[in-house]
Each structure stands twice: as structure tokens, then as C-alpha cells.
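Hello,

Here is the structure I promised to pass on. My notes on it follow below.

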Amino acid sequence: MRMRAAAPSVLAALALAAPLLAISPASAATAPTHQGGLHLGYIQYDSPGSDNRSNRSLNAEWVNIHNGTRSAIQLKGYKLKDNTGYTYTFGSYRIGAGKTVKVRTGKGTDASGVRYWGRGSYVWNNTSDKARLFKSSGSLLDSCAWTTSDPGYKRCH
């Protein structure tokens, strides 16, 4: 008897909630989803201001790599590459569970949460490019691409 009395209430609640739960294909395609595991998170491929190749400008170009697992991961031998073939290879570095490491293009002193590529020129192409993260075994772990329609940064996941 209780089921019959509750059924109209449940159906009414579902009818009201259904439009709120529906996601149009266009919004689903543009909304970034959070990805588990180790992945590319956010890329600032066009440093703000003029591209004058100063170390400050080079370091304003960066890639965040996020560890979405519940365990620390040793990144030694992992590689970050662009379409041209520029490659950053991690030395011994443990990224904690739920933590992010930022790889900056220019020179600086490595610290917890930040690594420096040590380059004197830009890596990421402003018009279009693709960042790829490879495991130390050489297998592709994640990638993220952008085009000129993007605003100078890309939220990958």
C-alpha cells in the first residue's frame, strides 16, 4: 500500500528534476570533465603580454599535470612533448596523491609543485599545438590539443 501512495510523489519529483539533469550535446562537448589518474590539467600556451623571449615571459607559458589518484606517482622518465618534438623529461620527482606539478618553459629552480624546462625559446605554438604526456615506458598517457579559437590557455580535463 505504501508503494502506491509513494509512486505519484516519486514520479512528480522525477518529472521536475528531469530538465535539470538533461545535458545538451553542445554543452557536454564543451564542458571539461575531471579525469582520474595522472593527466594534463591546464595549459597556458600563450604567455600573457608580448612574446619577448624574456625568462619571465617564457615562464608564463606552462603545463599543469595533475595526479587524480589516491597514491603518489614517481615521474622519473615521464615525458612531456609538443607537436614539434620538444621534449621535457622528468628527473626523479614524486607527485603526491591529488597534487599538481607545473612545468614552466623557462629557467628557474625546481621546487615542490614546479619544474623548469630550462629553455630560452617558447615550446607551445599559439595557433595550434598538442601536448602529450608519456609514461617512462613510452606509452601515451594523455594528450590535449588547441587551435587559434582558444583564448591562450586550455583546460584539458
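Accessible areas here come from the Shrake-Rupley method with a 1.4 Å probe; for residues, only the protein chains shown count as cover. On that basis, the accessible surface of the protein is about 9300 Å², and 54% of this belongs to carbon and sulfur atoms.

Two notes on method. This is a predicted model: local features need pLDDT of at least 70, side-chain atom pairs count only at pLDDT 80 or more, and totals for chains, interfaces and linings use all residues. Residues are numbered from 1 along each chain as its sequence is written, and side-chain values use heavy atoms, with hydrogens and water left out.

Overall fold: the protein has 3 helices and 11 strands. These are DSSP runs, numbered from the N terminus (helices H or I, at least four residues; strands E, at least two).

Burial: of the 157 residues, 32% are buried. Buried means under 20% relative accessible area, exposed over 50%, partly exposed in between.

Core: the largest nonpolar core has 24 residues. Such a core is a set of buried Ala, Val, Leu, Ile, Met, Phe, Trp, Tyr and Cys residues joined through side-chain atoms within 4.5 Å. Leu-40, Ile-65, Leu-75, Phe-90 and Trp-124 have the most contacts inside it. Strand S1 (38-44) is among the elements that give two or more residues. S1 gives the most, with 3 residues.

Salt bridges: the whole structure has 1. The term means a side-chain nitrogen of Lys or Arg within 4 Å of a carboxyl oxygen of Asp or Glu. Asp-110 pairs with Arg-115, the closest N and O atoms being 4.0 Å apart. Asp-110 is partly exposed at 40%. Arg-115 is buried at 12%.

Best wishes

Definitions and conventions
Buried means under 20% relative accessible area, exposed over 50%, partly exposed in between (1.4 Å probe, protein chains only).
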